Amino acid sequence: MAVEPNRLRMVMKFCENAFLLGVIASLALGTPALGQTLDTSPTDDDRTERKNSANITQETAPAGKTLDRGSQLDLSDSFQPKGVDLGSFVLFPVLEIGESYNSNFYASETNEEYDLSTALSPSFYLNSNFNRHSLSVLGDFEYLFNARHPDDNQFNSNVNVHGVYDVDKDNDLVANISHAYSHEDRGSADDAGGDKPTPTMTTGVDLGSKHKFGKNILEPQLSVTRSVFYDVDTSSGVSINNDDRDRTKVGVSLTYSRELFPGYAWVLKTGADTIRYDTKRDDFGFNRSSVGGEVLTGVGIELTNVMRGDVLVGYMARDYEDGNLNDPMGMAVQASIHWTPSKLTIISPSISRGMNETTLSNAASITSTTAAVTARHELARNTVVGSTASYSYREFDGIGRQDNIYEITGQVTHAFTPETYLRLDAGFKKRDSNARDSSYDQGVVSLTLGLRM
């Protein structure tokens with residue numbers, strides 16, 4: 001079969017840019033540190049900190065992606081940057097420059113269009129070094145430039161502030177504030193189909209605490225999330241109203257755990273939330289405001305640095321104000337195991353079942369069941385490989401739509417020095433849906449050069 005000339009030129013351009021990134025990294029940044037002895041010395045590992053506050057009934061990030069690059073890659077301590085000493089804080093600045101190829105830019109079932117994108121992604125991580133308490137600030141920014149679809153050029157940002165106040169050795173107060181500006185993914189079921197992707201803004205505040213008494217741990221939490229979706233135009237200039245999607249979610253949760261014997265704990269989690277939409281009814285005539293709740297119980301595992309995780313099973317339900325919308329209910333699952341068979345390898349299987357918001361006509365919510373396995377292996381002190389394979393089954397309550405989503409990703413990160421690295425990412429995603437024109441295949445390959453201090 002003949003190759004489309006434009007596609008061939010784009011692929012050649014991608015290869016050329018990727019090659020230039022590799023040459024710059026190899027020549028300007030130094031010789032690769034190959035064949036070094038693996039670092040197997042014991043390290044302080046904060047992964048053993050229990051985090052039982054996972055929200056099972058949750059909303060998917062509007063953009064369908066996370067900007068969390070931060071400053072620390074999964075590399076040996078000898079290939080971690082020193083940062084900039086600012087007295088009581090240490091600053092870790094990062095700059096990433098990447099080229100990516102997307103085989104199906106609009107995530108469409110037919111008439112697939114490809115694109116080559118350039119991403120400029122500065123970020124920073126500011127971390128305190130107090131004797132007590134802690135405060136950190138993460139800032140992620142992304143400028144995305146598309147060669148064939150410049151109307152989809154984007155600026156995305158995410159700023160997160162996290163603080164912990166140590167009342168004493170058994171009591172902590174925790175606060176987290178986040179603000180993100182992003183764009184809805186073209187493959188989202190709620191994509192408005194505008195000439196440009198839908199800009200979104202999400203602001204969240206989480207307040208919580210942790211109290212230890214004997215073998216018991218109690219963790220109450222209050223969260224407030226504000227989601228705003230901006231209007232977009234069609235290709236003909238007609239405005240698409242997204243104001244009816246704006247909403248505020250307020251949730252409370254309480255997690256209790258009790259050590260049964262060393263390494264194992266009984267965990268009980270309860271939560272309730274209310275979601276209020278700004279408009280009484282959306283453009284389809286539905287009142288989508290609702291209240292929901294969940295109760296889960298199970299076991300928490302924490303066997304030194306070898307294995308930790310939670311296996312929680314329970315019940316979830318949601319009640320909509322509009323009687324024309326189904327009130328979904330059923331089993332909730334949150335199971336995740338973090339297994340370290342060796343100092344060089346980490347394997348993390350997980351299974352989850354929860355509800356997500358949607359504004360599709362006649363659909364109440366999306367009930368999603370997901371199984372995934374993530375593996376990471378340190379080939380050398382400066383080289384790490386990783387992969388994730390996942391399957392997700394999504395039911396759209398009220399309209400009979402069912403999506404099967406298969407996804408596999410792989411990543412290789414090689415550090416030339418503690419300040420420079422090169423990362424290769426490749427992924428394939430397939431959505432098989434019984435809804436018309438909603439299935440698609442998508443492959444993405446990217447090469448990223450990172451500079452940090």
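A residue counts as buried when its relative accessible area is under 20%. With that cut-off in hand, welcome to this predicted model, a protein chain of 453 residues, 42% of them buried. Here is a short tour, from the whole chain down to a pair of individual residues.

**The chain as a whole**
- Among contacts with a separation of 6 or more, 59% are between residues 24 or more positions apart.
- The accessible surface of the chain comes to about 22500 Å², and carbon and sulfur atoms account for 58% of that surface.

**A buried lysine**
- Lys 269 sits in strand S12, which covers residues 264-277.
- Its relative accessible area is 1%, so Lys 269 is buried, because the cut-off is under 20%.
- The side chain of Lys 269 makes a polar contact of 2.8 Å with the side chain of Glu 294.

**A nonpolar patch on the surface**
- Leu 95, Ile 97, Leu 120, Tyr 143, Phe 145, Phe 155 and Leu 451 make up a nonpolar patch on the surface.
- Together, these residues have about 530 Å² of accessible area.
- Two strands, S2 (89-102) and S4 (134-146), each contribute at least two residues to the nonpolar patch.
- Ile 97, one of the patch residues, belongs to strand S2.
- With a relative accessible area of 31%, Ile 97 is partly exposed, because that category runs between the buried limit of 20% and the exposed limit of 50%.

Notes
Residues are numbered from 1 along each chain as its sequence is written. This is a predicted model: local features need pLDDT of at least 70, side-chain atom pairs count only at pLDDT 80 or more; totals for chains, interfaces and linings use all residues. Side-chain values use heavy atoms; hydrogens and water are left out. Helices (H or I, at least four residues) and strands (E, at least two) are DSSP runs, numbered from the N terminus. Buried means under 20% relative accessible area, exposed over 50%, partly exposed in between (1.4 Å probe, protein chains only). A polar contact is a pair of N or O atoms within 3.5 Å; within protein, one must be able to donate a hydrogen and the other to accept it, and residues adjacent in sequence count only if both atoms are side-chain atoms. Patches are made of residues with over 30% relative accessible area and no salt bridge: like charges are joined within 9 Å, nonpolar side chains (Val, Leu, Ile, Met, Phe, Trp, Tyr) within 5 Å. Accessible areas come from the Shrake-Rupley method with a 1.4 Å probe; for residues, only the protein chains shown count as cover. A salt bridge is a side-chain nitrogen of Lys or Arg within 4 Å of a carboxyl oxygen of Asp or Glu. Contact means heavy atoms within 4.5 Å.
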